[in-house]
Amino acid sequence: MFKHFRTAAAVAFLTLAAYATAQEMVGDHPDTYVVKKGDTLWDISARFLKKPWLWPEIWQANPQIANPHLIYPGDVISLAYLDRVASVQPGPRQDAPINGLPLSDIEPFLRNMRVVDDFEDLPYVAGLQDDRLRAFGDQDVYVVGLDAAQVGQRYAVVRPTKLYDEPKPSYDLDRKGDYIKGEGSLWKQVEVPNEHSDFLGYELEQMSVGTVTAVDADGETATIKLEGNGREVRAGDRILPVQAQPYDLQFFPHPPKTALEDGKVRIMSVADTMSYGGAHDVVALSGGAREGLDNGTVLSVWRPGSYKLDPFKGNTSRIAETKQSGQGRNKLPDQYAAHVMIFRTFDKVSYGLIMEGSAPSRVGYFLRDPDAGQPTTATASLN
């Protein structure tokens with residue numbers, strides 16, 4: 001029977017090993033599920049599993065499937081464990097395979113955002129066609145510092161928008177990279193109060209893409225014609241080579257490969273909001289490849305427990321609740337808020353999508369293993 005299913009490559013089929021049986025299964029899980037267009041791996045795995053990030057472990061327990069991550073609309077996913085085996089039929093395979101999370105929610109961050117250690121030495125836009133203040137698609141911009149530029153090469157026009165730096169709040173930047181409060185950034189408020197001190201990087205936002213059409217005789221100035229699907233470009237914007245494939249297109253939920261230092265990785269920003277985010281909001285995290293994180297890593301978001309004034313130990317402060325310890329205060333437990341899946345990873349910063357949760361996720365909340373329970377040792381705080 002397994003040989004039959006192996007040759008029917010269009011069928012997604014799960015075999016649950018002893019370590020992933022009833023205790024990891026959703027109580028009312030279906031025996032079979034027909035994959036629909038718009039489904040994600042997270043949605044489907046959550047139909048069967050209490051912990052969707054265990055999906056890869058279940059696949060690994062089934063060596064009969066050649067490429068189990070490629071699941072298509074119309075495929076039938078069936079459960080097989082212990083003595084249960086279900087009949088399945090292959091789907092038509094007319095659409096693209098489903099992804100781990102909805103690409104529409106993260107596409108602007110995949111295509112347009114990146115984090116770098118420095119940008120000041122990058123080539124930059126010195127002027128615009130007809131001495132305009134702003135340039136758009138099909139207009140020319142003039143770039144200096146683009147060494148060995150050749151006609152036909154494509155470049156991205158980027159603008160610094162954010163400085164990530166612990167423990168101080170991150171700063172909005174103007175087009176020159178200087179500090180400015182609240183201009184043109186996807187992030188509305190940033191606050192990461194903690195005990196760590198570390199420069200994490202500059203966030204650059206892609207404004208447009210263009211092609212070199214001319215280079216002056218001395219090679220100092222290159223003319224770039226902008227493509228028609230970008231945003232406005234201004235003098236001072238920086239230039240980077242266009243990457244053929246700068247980001248992943250498939251994401252598979254999995255737990256972190258290395259243990260996180262408790263309280264080290266935190267939410268630095270929530271996109272397009274003030275300080276709180278919910279399901280399908282994008283967050284910036286103060287950890288990346290350096291901390292062993294990669295695309296698809298699932299983490300749990302935790303609210304640090306407050307230090308509540310004890311009414312029987314004396315009124316040492318008029319502030320009834322604070323994030324700092326003190327005489328006459330009791331440390332309340334940390335509280336689980338949500339799960340987040342990382343979809344783009346840099347060295348010290350990563351972007352993640354909030355998948356689901358029991359409470360909003362706030363700037364300053366910290367990250368743990370996805371199924372971490374209440375810690376028995378010292379917990380993170382916002383000291």
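Reader: Where is Asp-131 found?
Author: This is a predicted model. In it, Asp-131 is found in the loop between S6 and strand S7, the latter spanning 140–144.

Reader: Buried or exposed, that Asp-131?
Author: Asp-131 has a relative accessible area of 73%, so it is exposed.

Reader: What is phi of Asp-131 near?
Author: Phi of Asp-131 is near 55°, which is a positive value in a residue other than glycine. Most residues other than glycine have a negative phi.

Reader: Which loop does Asp-138 lie in, and what is its phi near?
Author: Asp-138 lies in the loop between S6 and S7. Its phi is near 70°, again positive in a residue that is not glycine. Asp-138 counts as exposed because its relative accessibility is 58%, and the cut-off for exposed is over 50%.

Reader: Switching to rings. How many aromatic pairs does the structure hold?
Author: The structure holds 7 aromatic pairs.

Reader: Which parts does the pair of Phe-119 and Tyr-202 tie together?
Author: Phe-119 lies in the loop between strand S5 (113–116) and strand S6 (124–128), and Tyr-202 lies in strand S11 (residues 198–215), so the pair ties together parts that are 83 residues apart in sequence.

Reader: Which residues do ring pairs link into a cluster?
Author: The cluster consists of Phe-109, Phe-343, Phe-346 and Tyr-351, linked by ring pairs. Phe-109 is also one of the buried residues of helix H4 (residues 103–112), along with Ile-106 and Leu-110.

Reader: What about charges? Which ring does Arg-368 lie over?
Author: Arg-368 lies over the face of Trp-302, at 4.8 Å from the ring centre. The side chain of Arg-368 also makes a polar contact with the side chain of Asp-334, at 3.1 Å.

Reader: Where is Arg-368 found, and is it buried or exposed?
Author: Arg-368 is found in strand S24 (residues 366–368). With a relative accessible area of 6%, Arg-368 is buried.

Reader: What sits over the ring of Tyr-307?
Author: The charged end of Lys-331 does, 5.8 Å from the centre of the ring.

Reader: Back to S11. What is Ser-208 in contact with?
Author: Leaving aside neighbours within four places in sequence, Ser-208 is in contact with Tyr-155, Ala-156, Val-157, Leu-226, Glu-227, Gly-230, Arg-231 and Val-233. Ser-208 is found in strand S11 and counts as buried, at 3% relative accessibility.

Reader: And Val-215, what does it touch?
Author: Not counting residues up to four places away in sequence, Val-215 touches Ala-149, Thr-221 and Ala-222. Val-215 has its place in strand S11 and counts as partly exposed, at 32% relative accessibility.

Reader: How many residues apart in sequence are Val-215 and Ala-148?
Author: Val-215 and Ala-148 are 67 residues apart in sequence, and 9.3 Å apart in space, C-alpha to C-alpha.

Notes: Residues are numbered from 1 along each chain as its sequence is written. This is a predicted model: local features need pLDDT of at least 70, side-chain atom pairs count only at pLDDT 80 or more; totals for chains, interfaces and linings use all residues. Side-chain values use heavy atoms; hydrogens and water are left out. Rings of Phe, Tyr and Trp (its six-membered ring) pair if their centres lie within 6.5 Å; planes under 30 degrees apart count as stacked, over 60 as edge-to-face and the rest as tilted. Helices (H or I, at least four residues) and strands (E, at least two) are DSSP runs, numbered from the N terminus. A charge sits over a ring if NZ of Lys or CZ of Arg is within 6 Å of the ring centre and within 35 degrees of the ring normal. Buried means under 20% relative accessible area, exposed over 50%, partly exposed in between (1.4 Å probe, protein chains only). Contact means heavy atoms within 4.5 Å. A polar contact is a pair of N or O atoms within 3.5 Å; within protein, one must be able to donate a hydrogen and the other to accept it, and residues adjacent in sequence count only if both atoms are side-chain atoms.
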